[in-house]
Amino acid sequence: MALCLNQVFNKDKTFRPRKKFDPGTQRFELYKKAQASLKSGLDLKTVVQLPPGENINDWIAVHVVDFFNRINLIYGTISEFCTEKSCPIMSGGLKYEYRWQDDHKYKRPTKLSAPQYMCMLMEWIEMLINNEDIFPTRIGIPFPKNFQQVCTKILTRLFRVFVHVYIHHFDSIISVGAEAHVNTCYKHFYYFIREFSLIDHRELEPLVRSCLCHLAVKFTPLPSPH
């Protein structure tokens, strides 16, 4: 890749503030290890594998936060092209529509524009990853029993950002020279969720069906998440 990430993406355009790991913590060390593996040129299928002796929930937590930051940055970069007028419905092509539901304002699946959906999504994820009861950062505090189920829901919804960006805004990604970086981020995401069976394979259908030739990923159905 001719350009580095800093040159391609405008860091001021993150859709939500970046989440950082505190130096000196186990999560920070795992993050550094994961980033070093990414930069080493190793096969992404190998990079996502759990390092020997590490806790799987810590590994998943590090990646969920990292994917939130990176996808947040990707969407922020093209958000000026994703407007109420251009994207009145949060969708992935003509066949797939995503409605928003949470436990507060939207208790039933509700049709939103793509910008509204993205705003609700990033705020919701930010709230979860900042919740010490769900993403504990203090030594000795265990992860909740439903931690992986929560992460499955987060990653499933983050995947929908990729769907929307690839199908509706990929020309904009190309115009800012970010195609290679977005593809790499997507492939990393895909191999990670595949390694740990974190997304139902039915969620992947929009990108499989769109026949995106620019994605050098062989789509293999994932088993249903645990």
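Predicted model: local features only at pLDDT ≥ 70, side-chain atom pairs only at ≥ 80, totals over all residues.

User: At what angle do α5 and α6 pack?
Analyst: About 150°, with the axes 11 Å apart. α5 covers residues 114-129 and α6 covers 147-175.

User: So are they roughly parallel or antiparallel?
Analyst: Roughly antiparallel, because the cut-off for that is over 145 degrees. The crossing of α5 past α6 is left-handed.

User: Which residues make the contact?
Analyst: On α5 they include Tyr-117, Leu-121, Trp-124 and Leu-128. On α6, Ile-154, Leu-158, Arg-160 and Val-161 are among them.

User: And how do the contact residues split into nonpolar, polar and charged?
Analyst: The contact of α5 with α6 has 12 nonpolar residues, one polar and three charged.

User: Switching topic: how many salt bridges are there?
Analyst: Four in the structure. One of them pairs Arg-160 with Glu-203, at 3.0 Å from N to O. Arg-160 sits in α6 and Glu-203 in the loop between α7 and α8, so that pair links parts 43 residues apart in sequence.

User: Is Arg-160 buried or exposed?
Analyst: Buried, because its relative accessibility is 13% and the cut-off is under 20%.

User: What about Asp-200 and Arg-202, what do their side chains form?
Analyst: A salt bridge, 2.7 Å from N to O. Asp-200 is buried at 13% relative accessibility, while Arg-202 is exposed at 55%.

User: And where does Glu-97 stand, buried or partly exposed?
Analyst: Partly exposed, at 34%. Glu-97 bridges to Arg-99 with the closest N and O atoms 2.8 Å apart, and Arg-99 is partly exposed too, at 43%.

Definitions and conventions: Residues numbered from 1 in each chain as written. Heavy atoms only, no water. Axes fitted to C-alpha atoms, helices over the stretch in contact; angles between N-to-C directions. Helix = DSSP H or I, 4+ residues; strand = E, 2+ residues; numbered from the N terminus. Parallel < 35°, antiparallel > 145°, perpendicular 65-115°, else oblique. Left-handed = near helix turned anticlockwise from the far one by under 90°. Contact = heavy atoms within 4.5 Å. Nonpolar A, V, L, I, M, F, W, Y, C, P; charged D, E, K, R; others polar. Buried < 20%, exposed > 50% of the residue type's maximum accessible area, 1.4 Å probe, protein only.
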